[in-house]
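Hi,

Here is the structure I promised to pass on to you. Have a look at it first, and then read on for my notes.

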Amino acid sequence: MFHIYCPHCCEYREEEEFHAAGQSHIARPLDPDACTDKEWGEYMYFRANPRGIHHELWVHAAGCRKFFNITRNTQTYEIKEVYKVGEKPSVVADEAK
Amino acid sequence: MSDVTVEAMEGKLVTDQLPTGAIVGESPLHHSDLASIAKKGPQQGGVHFHERKLKGLLTLRCAPSAEQLAVIESLLGVALPMQPLTSVTTDAISVRWMSPDEWLIIVAGEQAFEIETQFQEKLTGHYALVNISGGTTILDVSGSHVVDMLKKSTPVDLHASEFPVGKVVSTVFAKSGATICRLADDKFELVVRRSFADYLWLWIQDASREYGLVVKA
């Protein structure tokens, strides 16, 4: 079991209280009507599946029911950082690799 | 675009939800006849159980401005606990922090409507106050082995250094959920869903078996 820090409750809680809600920082196209089917399809259905650093949206489902972001290493399960929605991650994947 | 137009309603709709007249209010554990068990059952044991029934519970959702905070304090008689996981408890009213923009207000059953009406009259701006009395019930558990019983039910750290008196957490409880508040060293309040009340009552009986369960009327 993980202990996950909830940035709203300001303490570590059991993983059991949380749910993962998929990839975070997905920008909605500003003008959906102008999108091609391909662009819209990619926005709707296609998600990154990186090996290594991944930014995910999580929800403290059994606690304060707030969404927040977790930067996680998908290979080691290590949680690098927790930050609120609207904030920028300070840990990002090294694109050069 | 929908063809349906919804006309804005004047004011807010507040209904007195207390049963009156021939209708008798029944708590979610009415069928368990706790009063008889309290009389006939064991009088000594490590866990004490009491259903604090038919209370008035209100959910306040608001990102309060300083002005709203002042109005809320004057209406409730206590200030909203703004720090995460804190609560305010007096004889007349309890306020629990639920989330950064949500509080649970617990008053006597007959006071809920009065508070709702006052909020509607006095509090302006963006907020929501919802009466959830019918959907929840409060279980008070206490006794020398209450922490041992709770440890079987929830992953939250209940040690006094981590969970002092007055702290309130919403968490998983016996595969269901509960809002747990520590009222004293060996006394906890569980706010649970009405539909889970019977299941949790059975669970608490089972979890308390080795310590002895005393039901208080």
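**Helix α3 of chain B and what surrounds it**

In helix α3 of chain B, which covers residues 112-122, the buried residues are B:Ala112, B:Ile115, B:Glu116 and B:Phe119. Viewed down the axis of α3(B), these buried residues fall within an arc of 100°, so they line one face of the helix. What do the buried residues of α3(B) pack against? Their partners in chain B are β2 (56-61), α2 (66-76), β5 (102-107) and β6 (128-131).

Please keep in mind that this is a predicted model.

**The nonpolar core**

The largest nonpolar core holds 50 residues, and those that touch the most other members are B:Ile105, B:Val141, B:Ile180 and B:Leu190. Helix α5 of chain B (residues 197-208) gives the largest share of this core, five residues. If you leave aside its neighbours within four places in sequence, B:Ile105 is in contact with B:Leu58, B:Leu60, B:Leu76, B:Ile93 and B:Val95.

**A loop residue**

B:Thr90 sits in the loop between β3 (87-89) and β4 of chain B. Is B:Thr90 buried or exposed? B:Thr90 counts as exposed, because it has 10 C-beta neighbours inside 10 Å, and the cut-off for exposed is 12 or fewer. Between B:Thr90 and B:Gly77 there are 9.6 Å in space, C-alpha to C-alpha, with the two 13 residues apart in sequence.

**Where the chains meet**

On the contact between the chains, 11 residues of chain B are in contact with 11 residues of chain A. Two elements of chain B, β4 (94-99) and β8 (168-173), each give two or more residues to the side that touches chain A. The largest share of that side, four residues, comes from β8(B). By type, the residues on this side of chain B are seven nonpolar, four polar and no charged.

**Chain A**

Chain A has one helix and six strands, and from the N terminus on its elements run β-β-β-α-β-β-β. Its C-alpha trace spans about 45 × 35 × 20 Å along the principal axes. Of the 97 residues of chain A, 15% count as buried. Among the contacts in chain A with a separation of 6 or more, 48% are between residues 24 or more positions apart.

Best wishes

Definitions and conventions: Residues are numbered from 1 along each chain as its sequence is written. Chains are lettered from A and ligands numbered from 1 in the order in which they are written. This is a predicted model: local features need pLDDT of at least 70, side-chain atom pairs count only at pLDDT 80 or more; totals for chains, interfaces and linings use all residues. Two residues are in contact if their C-beta atoms, placed from the backbone, lie within 7 Å. Ala, Val, Leu, Ile, Met, Phe, Trp, Tyr, Cys and Pro count as nonpolar, Asp, Glu, Lys and Arg as charged, and the others, Gly among them, as polar. A residue is buried if 20 or more other C-beta atoms lie within 10 Å of its own, exposed if 12 or fewer, and partly exposed in between; C-beta atoms are placed from the backbone. The arc is that of the directions from the helix axis to the C-beta atoms. A nonpolar core is a set of buried Ala, Val, Leu, Ile, Met, Phe, Trp, Tyr and Cys residues joined through C-beta atoms within 7 Å.
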